[in-house]
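I opened this notebook to keep track of what I looked up in one model, and in what order.

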Amino acid sequence: KYEKVWLIFGILSLIVFLSIVGVTAFAHGHTPAGGMDVIDPEKVDETAPFNEPGVKQIDKDTYEVVIVAQAFGYNPAKISVPVGKEIIFTSTSKDVVHSFTIEETKVNMMVVPGRITHKSYTFDKPGNYLVICNEYCGTGHHFMQTEIEVY
Ligand code: CUA
């Protein structure tokens with residue numbers, strides 16, 4: 001008799017567990033507006049906008065810079081954007097966690113595999129800005145950098 005009780009208890013537990021897993025998976029698959037977008041890190045090269053990394057003009061005052069991070073560099077290797085315009089950085093990683101950190105600015109993006117991160121920034125003076133990786137990502141971490149030319 002007790003065995004039957006435990007069997008029912010076990011089945012109920014399993015149902016509860018599976019419901020939780022299901023709800024969690026659903027929540028992750030359906031990111032609410034304003035949340036982080038998801039991407040398959042294995043398919044970065046085929047997934048827009050990362051199939052074409054680089055600078056794109058969105059409208060008169062807005063540019064988007066699409067960046068793919070991978071140990072130990074960024075694609076594109078060189079970025080040129082105008083001063084005084086809104087620049088939206090959009091990034092993801094193909095392998096491990098990196099950062100896209102623009103020195104002398106407030107831009108310090110975590111670049112996470114499986115996620116798409118955005119950051120908006122307007123440069124107020126022209127010049128060359130160094131971009132470094134702030135997250136330890138392996139033996140080449142200290143060499144992982146690129147440059148932004150603001151014209
Ligand atoms: Cu990439 Cu450290």
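The entries go from the whole chain down to single residues.

**Entry 1: ground rules.** I noted that residues are numbered from 1 along each chain as its sequence is written. I also noted that this is a predicted model, in which local features need pLDDT of at least 70 and side-chain atom pairs count only at pLDDT 80 or more, while totals for chains, interfaces and linings use all residues.

**Entry 2: confidence.** I looked up the pLDDT, which is the predictor's confidence in each residue, from 0 to 100, and found a chain mean of 91, with 91% of the residues reaching 70 or more. Over residues 30-34, however, the pLDDT is below 50, and this stretch has 3 contacts in the model beyond near neighbours in sequence; two residues are in contact if their C-beta atoms, placed from the backbone, lie within 7 Å. For the model scores I wrote down ipTM 0.99 and pTM 0.76.

**Entry 3: the overall layout.** I counted 1 helix and 11 strands in the chain, where helices (H or I, at least four residues) and strands (E, at least two) are DSSP runs, numbered from the N terminus. Along its principal axes the C-alpha trace spans about 80 × 40 × 30 Å.

I then checked the domain assignment, which gives domain 1 (1-30) and domain 2 (37-150); such bounds come from an automatic or database domain assignment. The C-alpha centres of domain 1 and domain 2 lie 42 Å apart.

**Entry 4: strand pairing.** Which strands does E6 pair with, given that two strands pair if DSSP finds at least two bridges between them? Strand E3 (residues 62-70) runs parallel to strand E6 (residues 86-93), and 8 bridges join them; Ala69 stands opposite Ser93 in E6. Strand E9 (residues 115-122) runs antiparallel to E6, with 6 bridges between them, and Tyr121 in E9 is the bridge partner of Ile87.

Entry 5: I looked up burial next, where a residue is buried if 20 or more other C-beta atoms lie within 10 Å of its own, exposed if 12 or fewer, and partly exposed in between, with C-beta atoms placed from the backbone. Buried residues make up 20% of the 151 residues in the chain. A nonpolar core is a set of buried Ala, Val, Leu, Ile, Met, Phe, Trp, Tyr and Cys residues joined through C-beta atoms within 7 Å, and in the largest one, of 20 residues, Val65, Ile67, Ala69, Phe89 and Phe100 touch the most other members. E3, strand E5 (78-81), E6, strand E7 (98-102) and strand E8 (108-111) each supply at least two residues of this core, and E3 gives the most, with 5 residues. Not counting residues up to four places away in sequence, Phe89 touches Val65, Ile67, Phe100, Val107, Met109, His118, Lys119 and Tyr121.

Entry 6: Glu86, placed in strand E6, has 15 C-beta neighbours inside 10 Å and so counts as partly exposed. Leaving aside neighbours within four places in sequence, Glu86 is in contact with Asp61, Thr62, Ser120 and Thr122.

**Entry 7: backbone details in loops.** I found a cis peptide bond joining Ala48 and Pro49, with omega about 0 degrees, and Pro49 lies in the loop between strand E1 (37-38) and strand E2 (54-59). Another cis peptide bond joins Asn75 and Pro76, with omega about 5 degrees, and Pro76 is found in the loop between strand E4 (73-75) and E5. Glu104, in the loop between E7 and E8, has phi near 65 degrees, a positive value in a residue other than glycine, and Glu104 is exposed, with 10 other C-beta atoms within 10 Å.

Notes: Two strands pair if DSSP finds at least two bridges between them.
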